[in-house]
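Please open the structure in the viewer and keep the selection tool at hand.

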Amino acid sequence: MHLRRLRKLSLRAPRTTIRSIGAGSKPGFQQVQAFSSTPSTTSTPEMPFEANPDNFPKPEFWIPRAERKGRSVFKADNTMWFGANRLLRNDRRCPSRDLNFTPLDWANHRSPYRRIRHMINIFKSSTIQRLFFPELSMTAGIALGLAYYNEIVVSGAADAMLSISPTAFGGATTAIGILAGFRLNASYGRFEECRIFWGDTNNAIRDMARETMMWLKDPGQRARMLKLLKAYPVVLNFHLNAKGGHHNIKRFDNTNGSFEDRVHAEYLAELRDIYTDGEDINDMYRMAKVKYNGGNTVIEVLTLMGETIAGSVGTVDSIYVRELDEQMQRLCAVFGASERVLRTSLPTSFTRHTSRLMFFWSNALPFAYYSTLGPVGTVFASVFTSWAIQSIEDIGVQLEEPFFVLPMRQYSDGIFDAINQIGNNYTVYELPSLAAEAQAEAEAEAATATEALPAYEEARPNGTNGTNGTNGAAYHADDAAPSRNRNGALPLKRQHEH
C-alpha cells in the first residue's frame with residue numbers, strides 16, 4: 001500500500017530536464033527547464049540563469065517607473081519644429097515613428113503654415129535621407145555624366161548627343177507613378193490593420209482587468225492576473241519586434257555584449273519592473289526562460305492566464321469563468337492575426353519587380369530631360385522627379401512592416417497605466433437604500449439583544465443568576481457547576497482549581 005502511494009507521488013512530481021548551454025553562452029552555467037503546472041504562489045523557486053540580471057549586460061534604455069517622476073521616457077526629435085510627437089532617429093535609414101497624437105499635435109498637423117514648416121525641414125526628411133544614397137546620388141551622377149558627354153565629348157553635336165524622346169518616356173513615368181501608389185496603398189492596409197490589432201489588444205486587456213476585479217474572489221489570484229495582463233504587451237512587443245521597441249539598440253555593436261544578450265537585458269528589466277513585490281516571481285522566471293530559449297513568450301503568458309482562470313473554478317461562477325476565457329481567446333486571436341502580418345510580406349516578386357522598374361526608370365530620366373532642359377536643368381529635374389516617385393515607393397516599403405514603425409512602447413505603457421488605474425480604484429458599489437436597510441437591521445438586532453439581556457438574567461435559576469445570595473460576590477455559572485467529561489470526572493485543570 002505504501003509502495004503504491006509513493007509510486008503515485010513520484011508520477012505526480014514535475015519533470016525537470018537539464019541541458020548545457022550552447023555555443024556563444026557563458027561557460028560554467030547550466031540551463032534548467034522545469035515544465036510544471038504548479039502554481040507560482042506556493043513557493044519562491046531559485047532564480048534560473050535566464051532570469052538573473054547579473055548574467056547579462058546592464059540595460060541601457062529602460063527606465064524603471066519609480067525613477068521617471070512623470071517625465072517622458074521617449075526621446076523626441078526636437079531638431080524639427082513641433083517635432084515632440086516624433087521619435088528621434090539614430091540613423092538616416094530609420095523611418096519616421098510618430099507617437100500618439102494629442103490635441104496640440106492635431107492643431108500643428110492641420111496648421112496653414114505646415115507647408116512652410118515642412119519645406120524648412122525638407123533635408124531632415126527620412127525619405128530624402130534614405131534615398132540620398134544610392135538612388136538619388138546615382139541619378140545625379142548619370143545626369144552629370146550625360147551632360148559631360150553631350151557638352152564636352154561630342155561638343156553639342158545634335159546627331160551624336162544621347163537622349164530619349166520625352167513624349168514616349170512620359171507614358172512610362174505615368175505607369176511607374178501608378179505602380180508606386182498601388183504599392184503604398186497595399187502597405188498602408190497592413191499598417192492600419194496592425195494598429196487595429198493593438199487597439200483590440202488594449203480593449204481586451206482592459207475588459208479582462210475589470211472582470212478580474214469583479215469576479216475573482218481570491219486576492220492572490222487577482223494580483224497574479226493583473227501582473228500577467230501588464231506583462232502581456234511587453235512580451236508581445238518583444239515577440240513582434242527584434243529590439244522590443246528599443247530602436248536605438250545597435251545590432252552590430254558588441255562592445256557591451258551580444259545583440260541578443262542586450263535585448264534580453266532590456267526584456268528582464270521590464271519584467272522586473274512589473275514583479276517588484278516579489279510575489280508570483282515564478283511567472284517571470286518562466287517568461288524569461290521561454291524568451292531566452294527562443295520560445296513563444298506570448299503563448300506562455302496566455303498559458304499562465306489560463307492556469308489562473310482554471311484555479312478560480314469552484315470559487316467563481318462558471319459563467320464568469322467562461323467570460324474570462326472568452327477575453328483570453330480574444331487576445332489569442334489578435335495575436336495570431338499579428339503573427340500573420342509579421343510572417344507574411346507582400347509578394348516578394350511584386351516588390352522585386354517594382355524595385356527593378358524604379359531603378360531603370362530613375363536612371364533613364366536624364367536622357368528624357370536632356371533634349372528639353374539642357375545640362376543644368378537635367379540634373380535638378382532628374383533628381384527631383386526621381387525623389388518624388390521613389391519616395392512614395394520607399395514609404396510603402398517602410399509601412400509594409402508595421403511593427404517596425406508603430407510606437408508599440410507607448411502602447412505598452414498606456415496599457416500598464418490602465419491596469420493600474422483599474423486595480424487601484426476599483427471598489428464594489430453598494431446601493432444607498434440597501435446600505436441603509438442593512439444598517440437599520442443591524443441596529444434593530446442590537447437593540448433587541450440589549451432588551452432581552454435583563455429578562456434572561458432574571459430567568460436563570462437561583463444560585464446561578466450571577467450572585468450567591470450571601471455576600472453578593474459575583475461568580476460565573478461555569479465556576480459553580482464545572483463541566484465534566486463522559487466518565488463523570490472533572491478535567492485536569494478543574495481538578496487542580498477545586
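The stops below cover a pocket, several salt bridges and a surface patch. Please note that this is a predicted model.

**The largest pocket.** Select R86, S96, D98, F101 and H109. Of the 41 residues that line the largest pocket, these are the closest to its centre. The pocket holds about 1,500 Å³ of space. Its lining consists of 19 nonpolar, 13 polar and 9 charged residues. Next, colour helices 2, 3, 4, 5 and 11, the elements that each give two or more residues to this lining.

**Salt bridges.** Side chains of opposite charge can pair when their charged atoms come close. The whole structure contains 19 salt bridges. Select R330 and D207, whose side chains meet with N and O 3.1 Å apart. R330 belongs to helix 10 and D207 to helix 5, and the two are 123 residues apart in the chain.

Proceed to R224 and E307, where the closest N and O atoms are 3.5 Å apart. This pair links helix 6 with helix 9. Is R224 buried or exposed? R224 is buried, because its relative accessible area is 7%, whereas E307, at 22%, is partly exposed.

Now select D280 and K227, which also form a salt bridge. D280 lies in the loop between helix 7 and helix 8 and K227 in helix 6, so the pair ties together parts 53 residues apart in sequence.

**A surface patch.** Finally, select Y148, Y149, I152, V153 and L162, which make a nonpolar surface patch of about 480 Å². V153 is in helix 4 and is partly exposed, at 46% relative accessible area.

Terms used: Residues numbered from 1 in each chain as written. Predicted model: local features only at pLDDT ≥ 70, side-chain atom pairs only at ≥ 80, totals over all residues. Heavy atoms only, no water. Patch = residues over 30% accessible without salt bridge, like charges linked within 9 Å, V, L, I, M, F, W, Y side chains within 5 Å. Areas by Shrake-Rupley, 256 points an atom, 1.4 Å probe, with all protein chains shown as cover. Salt bridge = Lys/Arg side-chain N within 4 Å of Asp/Glu carboxyl O. Helix = DSSP H or I, 4+ residues; strand = E, 2+ residues; numbered from the N terminus. Buried < 20%, exposed > 50% of the residue type's maximum accessible area, 1.4 Å probe, protein only. 1 Å grid on protein atoms, 1.4 Å probe; cavity = no way out; pocket = protein on both sides within 12 Å on 5 of 7 lines; lining within 4 Å. Points joined across faces, edges and corners; volume = space filled by probe spheres on them. Nonpolar A, V, L, I, M, F, W, Y, C, P; charged D, E, K, R; others polar.
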